[in-house]
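Here are a few notes to read alongside the model. Have a look at it first, then come back to the points below.

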Amino acid sequence: MRRLQSISSCREVCAGMAAGIVVAALALVGASLTGGAASAEDQAAAQQHFLSGGERSAVVLREIQTVLERIDGRLERIETMMAKSAQAQAAAPQSAPPLPLGGTPW
């Protein structure tokens, strides 16, 4: 009877070990799959460091172009506001010049 208990406990231990091995194998497979995707991103980033001068300058020039387009849009809005302000100022009635510091004009 004691031998039967030890055999059944041995089977339970073996089944637990087998389940642990399966879980470990699945974890390794999952890690290798996600590690492969990350390494592809790392390789793409590393390749950016080895671009030739022309390839690098093309990227920089595109970035400069986007910044200049934003600046151009902002300047256009400022010019529009200034033109409206000048029109409003021209349409407003002229007031008398300010008095000198003494308080009386004569």
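**Notes on the model**

1. Let's start with Glu79: this residue is exposed, at a relative accessible area of 56% (exposed means over 50%, buried under 20%, partly exposed in between, with a 1.4 Å probe and protein chains only). Glu79 sits in helix 2, residues 53-91.

2. Keep in mind that this is a predicted model, where local features need pLDDT of at least 70, side-chain atom pairs count only at pLDDT 80 or more, and totals for chains, interfaces and linings use all residues. Numbering runs from 1 along each chain as its sequence is written, and side-chain values use heavy atoms, leaving out hydrogens and water.

3. Overall, the protein has 2 helices and 0 strands (DSSP runs: H or I of at least four residues, E of at least two). Of its 106 residues, 0% are buried.

4. Glu79 also belongs to a negatively charged surface patch with Glu69, Asp72 and Glu76. Patch members have over 30% relative accessible area and no salt bridge, with like charges joined within 9 Å and nonpolar side chains within 5 Å; a salt bridge puts a Lys or Arg side-chain nitrogen within 4 Å of an Asp or Glu carboxyl oxygen.

5. There is a nonpolar surface patch too, with about 810 Å² of accessible area together; Val60, Leu61 and Ile64 are among its residues. Val60 lies in helix 2 and is partly exposed, at 41%.

Definitions and conventions
Accessible areas come from the Shrake-Rupley method with a 1.4 Å probe; for residues, only the protein chains shown count as cover. Lys and Arg count as positive and Asp and Glu as negative; His and the chain ends are not counted. The place of a charge is taken as NZ of Lys, CZ of Arg, CG of Asp or CD of Glu.
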